[in-house]
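Here is a walk through one protein model, taken feature by feature. Keep the structure open and follow along.

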Amino acid sequence: MADKRDYYEVLGVQKGATDDELKKAYRAMVKKYHPDLHPDDKEAEAKMKEVNEAYDVLSDKDKRAKYDQFGFAGVDPSYGAGQGGYSGGYSGGFSGDFGGFGDIGDIFESFFGGGGFGQQTRSNPNAPRRGQDIRTGVQISFMDACKGTGVDIRVNRLEKCPDCLGSGAKTGSSAETCPDCRGTGTVRINQRTPLGVFQTTKTCERCGGKGKIIRDICPTCQGQGRVRRVLSKNVNIPQGIDDGQTLRITGEGDCGINGGQYGDLIIKVNVRPDEMFEREGFDIYTEVPISYLQAALGDDIVVPTIDGTVRYRIPAGTQNGDSFVLRNQGVPKLYRSGRGDQHISVKVEVPKNLNKKQADLLRAFDDSLDDRNSAVRKSFFDKMKKKF
Ligand SMILES: [Zn+2]
Ligand SMILES: [Zn+2]
């Protein structure tokens with residue numbers, strides 16, 4: 001094997017290239033050397049392989065860091081061995097990126113969808129794969145969000161088959177390596193395209209891509225190794241959680257494949273609005289109605305908090321909309337100590353539906369007022385007089 005070229009040089013990028021630059025460079029190289037465009041061209045095939053290998057390393061943060069530090073020795077030694085070069089490096093999530101390639105798009109589709117090219121296999125079908133995350137939601141009251149609560153959750157998920165422990169084979173038997181694909185899950189075929197014939201791989205029909213054959217299938221899971229079960233669980237919702245936030249419970253999602261770890265259970269929390277409290281961050285806002293008399297003379301008013309009612313002294317001459325702060329009476333901070341504040345704003349209730357006697361009393365009272373009792377109105381009228 002010839003001397004390996006520096007990965008950055010292979011892709012034609014600077015050492016500090018961003019992910020975007022890498023991707024762009026990679027696409028350009030794929031466009032240039034793709035074996036579909038150069039059938040039976042060993043050189044293009046070798047280039048493509050080199051490009052794939054370089055991209056596989058540089059697009060992976062960990063691998064790239066190791067490569068930057070230790071060179072080829074820092075990355076998986078199989079990269080230098082000339083085969084098995086990239087194992088699934090770009091198998092997921094990439095095909096969509098090639099949508100803009102116009103007329104050669106279809107080839108890319110079949111290329112990326114069809115399971116690699118040349119001698120390389122993209123991924124080992126027997127490699128452990130992590131299970132899916134499961135998403136669910138719960139609805140709790142405002143008060144439960146403040147205080148924390150436990151909720152019962154039921155989700156349908158895939159669990160490891162209890163009878164075959166995930167192998168898919170009936171108790172006492174075991175899975176055998178597929179003789180057609182020798183366990184790789186793919187077989188090589190010649191594919192005819194308008195650009196010529198090239199060799200590609202496709203999913204092994206005999207084993208369906210699993211790489212193994214189970215002769216005595218586990219009846220419990222039908223050979224899948226996983227069974228669908230209902231998980232019932234009491235989940236602790238921590239105090240301070242807010243509407244729309246999610247909780248992640250590690251390892252409570254779907255069972256993995258081939259011994260891969262379980263996915264996570266992700267719970268989105270919906271908090272029902274409260275009729276008295278509004279929340280912003282960890283602060284609570286409450287509006288409390290008071291009478292005209294209470295506003296004028298001051299009073300001990302009763303204020304609701306999440307811990308029950310408290311008395312709060314409002315001063316004489318309190319105006320409509322004035323607000324007061326109850327320190328540390330807000331929502332407990334999520335996963336931290338301390339609480340937010342509670343803001344009380346008062347709303348003066350102007351009396352309605354007055355009878356004649358009440359109206360007369362009020363007029364008599366109003367007649368008794370002088371400028372000192374109504375400084376705000378006085379100053380307003382003074383300003384108006386000056387203007388006009
Ligand atoms: Zn089973
Ligand atoms: Zn097979």
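The model is a predicted one. Arg-182 is not a glycine, yet its phi is positive, at about 50°. Its relative accessibility is 71%, so Arg-182 counts as exposed.

Leu-165 repeats the theme of positive phi. Its phi is near 55°, and Leu-165 is a residue other than glycine. Leu-165 belongs to the loop between S2 and S3. With 61% relative accessibility, Leu-165 counts as exposed.

Which atoms hold the zinc ion (ligand 2)? The SG atoms of Cys-178, Cys-181, Cys-204 and Cys-207 coordinate that ion, at 2.2 to 2.3 Å. The angles among these 4 donor atoms run from 103 to 116°, and the site is tetrahedral. Along the chain the donors follow the spacing C-x2-C-x22-C-x2-C. Within this set, Cys-181 and Cys-207 link distant parts of the chain, 26 residues apart. Cys-181 is in the loop between S3 and strand S4 (186-193). Cys-207 is in the loop between strand S5 (196-203) and S6. Cys-181 and Cys-207 are buried.

Now move to the zinc ion (ligand 1). Its protein donors are the SG atoms of Cys-161, Cys-164, Cys-218 and Cys-221, lying 2.3 Å from the ion. Why is this arrangement called tetrahedral? The 4 donor atoms subtend angles of 105 to 116°, which makes it so. For a tetrahedral metal site with four donors, the ideal angle is 109.5 degrees. The donor residues of the zinc ion (ligand 1) are spaced C-x2-C-x53-C-x2-C in sequence. Cys-164 lies in the loop between strand S2 (149-160) and strand S3 (176-177), and Cys-221 in the loop between strand S6 (212-213) and strand S7 (226-237), so the pair ties together parts that are 57 residues apart in sequence. Cys-164 and Cys-221 are buried. For Cys-164 the relative accessibility is 9%, which is why it counts as buried.

How many disulfides does the structure hold? The count is 0.

Leu-158 and Arg-226 are 68 residues apart along the chain. Their C-alpha atoms are separated by 5.8 Å.

Turn next to charge pairs. Side chains of opposite charge can pair when their charged atoms come close. The structure has 22 salt bridges, counting a Lys or Arg side-chain nitrogen within 4 Å of an Asp or Glu carboxyl oxygen.

Arg-5 takes part in two of the pairs described here. One partner is Glu-9, with 3.5 Å from N to O. Another is Glu-50, with 3.2 Å from N to O. The pair of Glu-50 and Arg-5 links distant parts of the chain, 45 residues apart. Glu-50 is in helix H3 (residues 42-58), while Arg-5 is in the segment before helix H1 (7-11). How accessible are these side chains? Arg-5 counts as partly exposed at 29% relative accessibility. Glu-9 is partly exposed at 47%, and Glu-50 is partly exposed at 23%.

Further along, Arg-339 forms a salt bridge with Asp-307. Their closest N and O atoms are 3.0 Å apart. This pair also links distant parts of the chain, 32 residues apart. Arg-339 sits in the loop between strand S14 (323-326) and strand S15 (342-349). Asp-307 sits in the loop between strand S12 (299-305) and strand S13 (308-314). Arg-339 is partly exposed at 22%, and Asp-307 is partly exposed at 44%. Elsewhere, salt bridges that share partners join Arg-130, Asp-133, Arg-248 and Asp-264 into one network.

Tyr-292, Leu-354, Leu-362 and Phe-365 make a nonpolar patch of about 360 Å². One of them, Leu-362, lies in helix H8 (residues 356-368). Leu-362 has a relative accessible area of 36%, so it is partly exposed.

Definitions and conventions: Residues are numbered from 1 along each chain as its sequence is written. Chains are lettered from A and ligands numbered from 1 in the order in which they are written. This is a predicted model: local features need pLDDT of at least 70, side-chain atom pairs count only at pLDDT 80 or more; totals for chains, interfaces and linings use all residues. Side-chain values use heavy atoms; hydrogens and water are left out. A disulfide is a pair of cysteine sulfur atoms within 2.5 Å. Buried means under 20% relative accessible area, exposed over 50%, partly exposed in between (1.4 Å probe, protein chains only). Donors are N, O and S atoms within 2.8 Å of the metal (3.2 Å for Na, K and Ca); water is not among the atoms, so sites may look incomplete. Four donors count as tetrahedral if all angles lie between 85 and 135 degrees; four count as square planar and six as octahedral if opposite donors are over 155 degrees apart and all others between 65 and 115; anything else is irregular. Helices (H or I, at least four residues) and strands (E, at least two) are DSSP runs, numbered from the N terminus. Patches are made of residues with over 30% relative accessible area and no salt bridge: like charges are joined within 9 Å, nonpolar side chains (Val, Leu, Ile, Met, Phe, Trp, Tyr) within 5 Å. Accessible areas come from the Shrake-Rupley method with a 1.4 Å probe; for residues, only the protein chains shown count as cover.
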